[in-house]
Amino acid sequence: MFNTKITELLNVQYPIIQGGMAWIADSSLAAAVSNGGGVGLIAAANAPVDWVRQEIRKTKAATNKPFGVNIMLLSPNAAEIAQMVCDEGVSVVTTGAGNPSQFIELWKSHGIVVIPVIPSVALAIRMERAGADAVVAEGMESGGHIGELTTMTLLPQVVDAVDIPVIAAGGIADGRAIAATMMLGAQGVQVGTRFLVANECSVHQNYKDMIIGAKDIDTAVSGRSTGHPVRVLKNKLTRQVTALEKQNAPLDEIEKLCLGGLRRAVVEGDITMGSVMAGQIAGLVSKEQSAADIIAEMFSQAQAVLGKWR
Ligand code: TUI
């Protein structure tokens, strides 16, 4: 029923890929999403190369379905990880927070499906020219590091600008949003925030509880002054960062406050002074479920709403 260019390209049941959530997306979540019929991802983020390699091997042991690695291009280890995924025979690579052009030929020569995450039409066009197989058009509703455009405006403009399939991201946590993005020309979706509360997601329980308790207006964009705007749930840390930004405080003071913030939230469960990255759709996320149930529920809902338009 949901056969699209993305299910064909990735050889999966449902056109859904999991967001490459830094510090969070490990082999446990990746294998669960892949076993549920989507594409699970391990987030390399700033992690050591050996950790990522071990997570790849653990995922291989836990699923025989396709899975991928998300490479965060600001990481000092990005080039080494780019090579390592080739050596480990990973089938899909997504990238974030930069332009992966320099690695695309290498990945393609190893038969890897390459899907850069992009926040603008210009970057989508460059990725198509560089040989990407598809792009994820990620709106600023997303959690974590974001661009400037919303999913509603970015997605159709990217769809019109490139011939490769486009995957929608940002604000997608149920079947209505899948249906809506398909109407705008998406061939698939990327979902982060809803998978945060998957049973197989190893993020701290405090983090999951904060997502489930979040309301529509509970996210904020923090760190614009540092050049790396990130969407997080509002807490004491974001209030302190905002206050410092208002006072035009020195950048290093703000950076010091945020340093290690994601680890504090994800690992220690410090949701007061940690960075609780989440998308604007957190307000819609209301229960913990298995990753497979999340996927099945989202697509059955999409099917129901799309059926009404037949
Ligand atoms: O990458 C993400 N989301 C992320 S990465 C991350 S880890 C991090 N934490 C703090 C600061 C920075 C990173 C947490 N969340 N999403 C995909 C994404 N990519 N959003 C925006 C971009 C992007 C931005 C600029 C992609 C390309 C780009 O290109 C600039 C250039 O070089 O042309």
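Q: How are helices α8 and α14 set to each other in this model?
A: α8 and α14 are oblique to each other, a label for angles that are neither under 35 degrees (roughly parallel), nor over 145 (roughly antiparallel), nor 65 to 115 (roughly perpendicular). The axes of α8 (residues 175-183) and α14 cross at roughly 60 degrees and come within 7 Å, where an axis is a line fitted to C-alpha atoms, for helices over the stretch in contact, and the angle runs from 0 to 180 degrees between N-to-C directions. The model is predicted, so local features need pLDDT of at least 70 and side-chain atom pairs count only at pLDDT 80 or more, whereas totals for chains, interfaces and linings use all residues. Residues are numbered from 1 along each chain as its sequence is written, and side-chain values use heavy atoms, with hydrogens and water left out.

Q: In which hand does α8 pass α14, and which residues make the contact?
A: The crossing is right-handed, that is, the near helix is turned clockwise from the far one by less than a right angle, anticlockwise being left-handed. From α8, Gly175, Arg176, Ile178, Ala179, Met182 and Met183 take part, and from α14, Met298, Phe299, Gln301, Ala302, Val305 and Leu306, contact meaning heavy atoms within 4.5 Å. By class, nine of these residues are nonpolar, two polar and one charged, where Ala, Val, Leu, Ile, Met, Phe, Trp, Tyr, Cys and Pro count as nonpolar, Asp, Glu, Lys and Arg as charged, and the others, Gly among them, as polar.

Q: How do the axes of α4 and α5 cross?
A: Helices here are DSSP runs (H or I, at least four residues; strands are E, at least two), numbered from the N terminus. The axes of α4 and α5 come within 9 Å and cross at roughly 10 degrees. That angle makes α4 roughly parallel to α5, and α4 passes α5 in a right-handed crossing. Ala79, Ala82, Gln83, Val85 and Cys86 in α4 meet Phe103, Leu106 and Trp107 in α5; the residues of this contact comprise seven nonpolar, one polar and no charged.

Q: Which residues of α4 are buried, and what covers them?
A: Buried means under 20% relative accessible area, exposed over 50%, and partly exposed in between, with a 1.4 Å probe and protein chains only. In α4 (residues 78-87) the buried residues are Ala78, Ile81, Ala82, Met84, Val85 and Cys86, and their cover includes α3 (49-62), β3 (67-72), β4 (92-96) and α5 (101-109). Just after α4, glycine 89 takes a positive phi of about 70 degrees.

Q: How many aromatic pairs does a search of the whole structure find?
A: The search finds three, with rings of Phe, Tyr and Trp (its six-membered ring) pairing if their centres lie within 6.5 Å, and planes under 30 degrees apart called stacked, over 60 edge-to-face and the rest tilted. Tyrosine 14 and phenylalanine 299 are stacked, at 4.9 Å centre to centre with 25 degrees between the planes. This pair links distant parts of the chain, 285 residues apart, with tyrosine 14 in the loop between α1 (5-10) and β1 (16-18) and phenylalanine 299 in α14 (residues 291-307). Tyrosine 14 counts as buried at 17% relative accessibility, and phenylalanine 299 is buried at 2%. Phenylalanine 103 and tryptophan 107 form a tilted pair, 5.5 Å centre to centre and 35 degrees between the planes; both lie in α5, four residues apart, about one turn of the helix, and both are buried.

Q: Which residues form one aromatic cluster?
A: The cluster consists of Phe2, Tyr14 and Phe299.
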